[in-house]
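Here is a short note to read beside the model. Take the points in order, and keep the 3D view open as you go.

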Amino acid sequence: GVATGEGEALDTLASLMGIAEQDKATFVQVSKSNFSTIFSKENVTSGAVLDSLTKVMAADQQLSKYTS
């Protein structure tokens, strides 16, 4: 199901975006709480996901450093 794959997917995304180990929990939390924003459509493109994710991260004090 999506829920089980979600954690793994977010882990992979965190690695791809260079999220430091100490920020991963925040990254996962922020991503999950904004899940419907980031994955707005079922067949959303990876580019659109990254755009949304970047916006969500930029709004988070701890994660904004990854978006500059």
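1. **The core.** The largest nonpolar core has 13 residues, and those touching the most other members are L13, I19, F27, I38, L53, M57 and L63. A nonpolar core here is a set of buried Ala, Val, Leu, Ile, Met, Phe, Trp, Tyr and Cys residues joined through side-chain atoms within 4.5 Å. Buried means under 20% relative accessible area, exposed means over 50%, and partly exposed lies in between (1.4 Å probe, protein chains only). Helix 1, helix 2 and helix 4 each give this core at least two residues. Helix 4 supplies the largest share, four residues.

2. **What kind of model this is.** The model is predicted: local features need pLDDT of at least 70, side-chain atom pairs count only at pLDDT 80 or more, and totals for chains, interfaces and linings use all residues. Residues are numbered from 1 along each chain as its sequence is written, and side-chain values use heavy atoms, with hydrogens and water left out.

3. **Confidence.** The pLDDT is the predictor's confidence in each residue, from 0 to 100. Its average over the chain is 86, and 93% of the residues score at least 70. Where is confidence lowest in the chain, and where is it highest? The lowest mean is 76, in helix 1, and the highest is 92, in helix 2.

4. **Overall fold.** The chain has four helices and zero strands. Read from the N terminus, the order is α-α-α-α. These elements are DSSP runs numbered from the N terminus: helices are H or I with at least four residues, strands are E with at least two.

5. **Overall size.** The C-alpha atoms fill a box of roughly 30 × 20 × 20 Å along the principal axes. The radius of gyration of the chain is 11 Å, which agrees with the value near 11 Å for a compact globule of 68 residues. That radius is taken over C-alpha atoms, and the globule rule is 2.2 Å times the number of residues to the power 0.38. Buried residues make up 28% of the 68.

6. **Contacts along the chain.** Contact means heavy atoms within 4.5 Å. Take the contacts between residues at least 6 apart in sequence: 50% of them join residues at least 24 apart.

7. Which residues of helix 2 are buried? They are K24, T26, F27, V30 and S31. These residues lie on the same side of helix 2, because they cover an arc of only 160 degrees around its axis. The arc is that of the directions from the helix axis to the C-beta atoms. On the other side of helix 2, A25, Q29 and S33 are exposed.

8. **K24 and its partner.** K24 lies in helix 2. Its relative accessible area is 17%, so K24 is buried. Beyond residues up to four places away in sequence, K24 touches D11, A14, S15 and I19. K24 also forms a salt bridge with E21, with the closest N and O atoms 3.7 Å apart. A salt bridge is a side-chain nitrogen of Lys or Arg within 4 Å of a carboxyl oxygen of Asp or Glu. E21 is exposed, because its relative accessible area is 61%.

9. **A second salt bridge.** By this rule the count is two salt bridges. Side chains of opposite charge can pair when their charged atoms come close. K65 and D23 meet in a salt bridge at 3.1 Å, N to O. This pair links distant parts of the chain, 42 residues apart: K65 is in the segment after helix 4 (46–58), and D23 is in the loop between helix 1 (2–16) and helix 2 (24–33). With a relative accessible area of 2%, D23 is buried.

10. Setting aside residues up to four places away in sequence, L63 touches D23, T26, F27, V30 and M57.

11. A14 is found in helix 1. A14 counts as buried because its relative accessibility is 1%. Leaving aside neighbours within four places in sequence, A14 is in contact with I19, K24 and F27. E8 is also in helix 1. E8 counts as exposed, at 62% relative accessibility.

12. **S52 in helix 4.** S52 lies in helix 4. Is S52 buried or exposed? S52 is buried, because its relative accessible area is 17%. Apart from neighbours within four places in sequence, S52 is in contact with T37 and I38.
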